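Here is a short briefing to read alongside the structure. Have the model open, and let's walk through it topic by topic.

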Amino acid sequence: MPVMRNIDGRAIAKTIAAEVTAAAAKLTADGVTPTLAVVVPTDDEATAWYVRSIERTAAKVGVRCRTERLTDPTAESLTALLDTLSADDSVHGVICQTPLPDGLTLADVGSHIAVDKDVDGANPAGLGRLAAGLPTFAPATAAAVLEILRREETPLTGRHAVVIGRSTVVGKPAALLLLAENATVTVCHSRTEDLAAVCARADVLVAAVGRARMVTGDFVKPGAVVVDVGTNPTDDGGLVGDVDAESAADVASALTPVPGGVGPVTTMLLMRHTVQAAGG
Ligand SMILES: Nc1nc(=O)c2c([nH]1)NC[C@@H]1CN(c3ccc(C(=O)N[C@@H](CCC(=O)O)C(=O)O)cc3)C=[N+]21
């Protein structure tokens with residue numbers, strides 16, 4: 001039985017960090033400090049963790065982070081803030097954290113983030129651009145999936161990629177990015193019949209369902225590369241993916257672990273997008 005490789009997301013993030021740090025330093029020397037505005041509309045524990053992680057990562061690579069906390073925002077106050085940040089020349093990237101307050105959707109709010117500053121692909125116009133093959137920032141998590149496959153030199157042209165999950169932030173953009181790399185793409189979701197059998201035909205399997213350890217070894221084609229996007233909290237305060245790593249390990253050739261896989265690359269790509277938005 002071939003031994004499965006654990007893909008080291010932290011090491012990949014570190015490699016990208018070196019590139020981003022150099023680009024940020026050059027911009028700063030030229031008088032432009034790449035700046036990311038992080039809008040935090042709800043008091044949510046997972047969001048708070050992610051915001052701290054963004055702040056830490058930004059400090060490491062020389063990106064300025066401006067966190068904007070709102071208490072009980074209305075649609076009006078939140079979209080007004082996003083409009084203001086979109087028009088502010090000292091801000092290059094804008095991300096609005098989810099979850100949003102009740103009654104608000106990312107599509108409503110995201111359309112108030114200028115496309116050229118939309119470093120987490122929240123504006124539906126960005127998804128349209130992605131579908132049309134126009135340059136745009138993909139949502140950082142979807143971009144991280146492709147970045148990992150690229151750095152792992154996973155062949156995609158003509159290969160069958162299966163994405164489990166059709167969310168606007170991960171599944172759909174990941175499918176579009178895989179298609180742009182000439183993969184043959186199948187998108188599965190909660191209504192898919194014979195899910196395990198469809199997945200078991202994938203050379204590249206991307207799990208973005210949000211259900212702990214749902215993807216077991218019988219979903220995996222022997223030798224497949226499996227990217228686990230899930231970050232499901234456990235009762236004891238830990239984190240597990242959508243993939244049951246133990247059973248998948250007997251079948252896959254490579255797997256991104258959780259933690260230490262897609263997550264760290266996601267946060268780093270937010271920095272790279274911000275530096276790019278600043279002109280780097
Ligand atoms: N607009 C928006 N975009 C997001 O991308 C977004 C969001 N809102 N809201 C919250 C979720 C959550 N999220 C994570 C990113 C990285 C890790 C991550 O790096 N986790 C570490 C482990 C952390 C631990 O051990 O607890 C890892 O996987 O190695 C986790 C979760 C992005 N989100």
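Let's begin with the sheet of this predicted model: 6 strands form an open sheet with parallel pairing, in the order β1-β11-β8-β7-β5-β6. At its edges stand β1 (5–6) and β6 (184–188), and each has a single partner strand, so one side of each is left without a neighbour in the sheet. From there we can turn to the annotated domain, the ligand shell and a few individual residues.

**The sheet and its edge**

- β1 pairs with strand β11 (residues 254–255) in the parallel sense, over 2 bridges.
- Within this pairing, N6 stands opposite L255 in β11.

**The annotated domain**

- An unreviewed UniProt entry carries the annotation "domain: Tetrahydrofolate dehydrogenase/cyclohydrolase NAD(P)-binding" for residues 139–278.
- Over residues 139–278, 34% of the chain is helix and 17% is strand.
- The end C-alpha atoms of that stretch are 17 Å apart.

**Around the ligand**

- The ligand is surrounded by 20 residues, and the closest are Y50, T98, T231, P259 and G263.
- Where does the shell sit relative to the domains? Domain 1 (30–129) and domain 2 (139–263) both give residues to the shell around the ligand, so it lies between them.
- Four elements each supply at least two residues of this shell: α2 (45–61), β4 (93–96), α6 (140–151) and α10 (262–277).
- Sorted by class, the shell holds 9 nonpolar, 10 polar and 1 charged residues.

**Positions listed as binding site**

- For "binding site", the unreviewed UniProt entry lists G165, R166, S167 and T231. T231 is also one of the closest residues to the ligand.
- R166 lies in the loop between β5 (160–164) and α7 (171–180).
- Leaving out residues up to four places away in sequence, R166 touches G171, K172, V187 and H189.
- S167 is found in the loop between β5 and α7. With 19 other C-beta atoms within 10 Å, S167 is partly exposed.
- Again not counting residues up to four places away in sequence, S167 touches K172 and A208.

**Two buried loop residues**

- Q97 is in the loop between β4 and α4 (106–110). Is Q97 buried or exposed? Q97 counts as buried, because 21 C-beta neighbours lie inside 10 Å.
- Beyond residues up to four places away in sequence, Q97 touches V38, V39, V40, P41, T47, Y50 and V51. Of these, V51 is 46 residues from Q97 in sequence but 8.2 Å away in space, C-alpha to C-alpha.
- F219 has its place in the loop between β7 (204–207) and β8 (225–228). F219 is buried, with 27 other C-beta atoms within 10 Å.
- Which residues does F219 contact, leaving aside its neighbours within four places in sequence? They are A196, C199, A200 and L205.
- F219 and A202 are 17 residues apart in sequence, and their C-alpha atoms are 8.8 Å apart in space.

Key. Residues are numbered from 1 along each chain as its sequence is written. This is a predicted model: local features need pLDDT of at least 70, side-chain atom pairs count only at pLDDT 80 or more; totals for chains, interfaces and linings use all residues. UniProt positions are given in the numbering used here, feature names are shortened, and annotations may be inferred rather than shown by experiment. Two strands pair if DSSP finds at least two bridges between them. A residue is buried if 20 or more other C-beta atoms lie within 10 Å of its own, exposed if 12 or fewer, and partly exposed in between; C-beta atoms are placed from the backbone. Two residues are in contact if their C-beta atoms, placed from the backbone, lie within 7 Å. A residue is near a molecule or strand if its C-beta atom, placed from the backbone, lies within 6 Å of it. Ala, Val, Leu, Ile, Met, Phe, Trp, Tyr, Cys and Pro count as nonpolar, Asp, Glu, Lys and Arg as charged, and the others, Gly among them, as polar. Domain bounds come from an automatic or database domain assignment.
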